[in-house]
Amino acid sequence: PIVARDGVAAAVAAATENVRAAGVESSVRVQHADARTLTQASPGTWVFGDPPYGDRTAVKPLQLMGFFRQLGEVLREMHGATAVFITGTDLLPKGLGLTHDMEHSLRNGDIPCKLFRYRVP
């Protein structure tokens, strides 16, 4: 099963519509929820994320760092999971407090980004 989460209602509505348009409602569940409320997952779980970069939001760097630290705390409890994040800020790898085993440079539209993979022991 695939669970998609976002804390922004408009993003949840857009994702729900995309799931419906793709005809995958039976396989994908969209939730209006904070990623920091993820529960412990079974080994083999994959977590993909595009957390805020802080560039288009009113989030200050310290708030963003706090969000990443809390997300890292949740991920460290997901033993055997793999997490992959795209980010346009260097705060994410610092804030998560995890060691990535893959880093790849790319662009998200006109924003230079990096893709990081973390394997949770």
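A residue is called buried when its relative accessible area is under 20%, exposed when that area is over 50%, and partly exposed in between. The model shown here is a predicted one. Because Phe116 has a relative accessibility of 4%, under the 20% limit, it counts as buried, and Tyr118, with a relative accessible area of 1%, is buried as well.

These two residues also meet through their side chains: the ring centres of Phe116 and Tyr118 are 6.4 Å apart and their planes stand at 35°, so the pair is classed as tilted. Ring pairs join Phe85 to Phe116 and Tyr118, giving a cluster. In the whole structure, a search finds four aromatic pairs. One of them is formed by Phe67 and Phe68, an edge-to-face arrangement with 5.8 Å from centre to centre and 70° between the planes. Of these two residues, Phe67 counts as buried at 15% relative accessibility, and Phe68 is buried with a relative accessible area of 0%.

Thr87 belongs to strand β4, which covers residues 82–87, and at 2% relative accessibility it counts as buried. A polar atom of the Thr87 side chain lies 3.1 Å from the backbone nitrogen of Thr89.

Turning to the secondary structure, the chain contains three helices and six strands, which follow one another from the N terminus in the order β-α-β-β-α-β-α-β-β. Helix α1 takes up residues 9–22, and its 14 residues, at 1.5 Å a residue, should span 20 Å; the C-alpha atoms at its ends are 20 Å apart, so expectation and model agree. After α1 comes Gly23, which has a positive phi near 70°.

At the level of the whole chain, a compact globule of 121 residues would have a radius of gyration near 14 Å, and the value of 15 Å for this chain agrees with that. Along the principal axes, the C-alpha atoms fill a box of roughly 35 × 35 × 25 Å. Among contacts with a separation of 6 or more, 66% are between residues 24 or more positions apart. Of the 121 residues, 30% count as buried, while the accessible surface of the chain comes to about 7500 Å², with 56% of it belonging to carbon and sulfur atoms.

Conventions: Residues numbered from 1 in each chain as written. Predicted model: local features only at pLDDT ≥ 70, side-chain atom pairs only at ≥ 80, totals over all residues. Heavy atoms only, no water. Phe/Tyr/Trp six-rings, centres within 6.5 Å; stacked < 30°, edge-to-face > 60°. Buried < 20%, exposed > 50% of the residue type's maximum accessible area, 1.4 Å probe, protein only. Helix = DSSP H or I, 4+ residues; strand = E, 2+ residues; numbered from the N terminus. Expected span 1.5 Å × (residues − 1). Polar contact = N/O pair within 3.5 Å; in protein donor to acceptor, adjacent residues only side chain to side chain. Rg over C-alpha atoms; globule rule 2.2 N^0.38 Å. Contact = heavy atoms within 4.5 Å. Areas by Shrake-Rupley, 256 points an atom, 1.4 Å probe, with all protein chains shown as cover.
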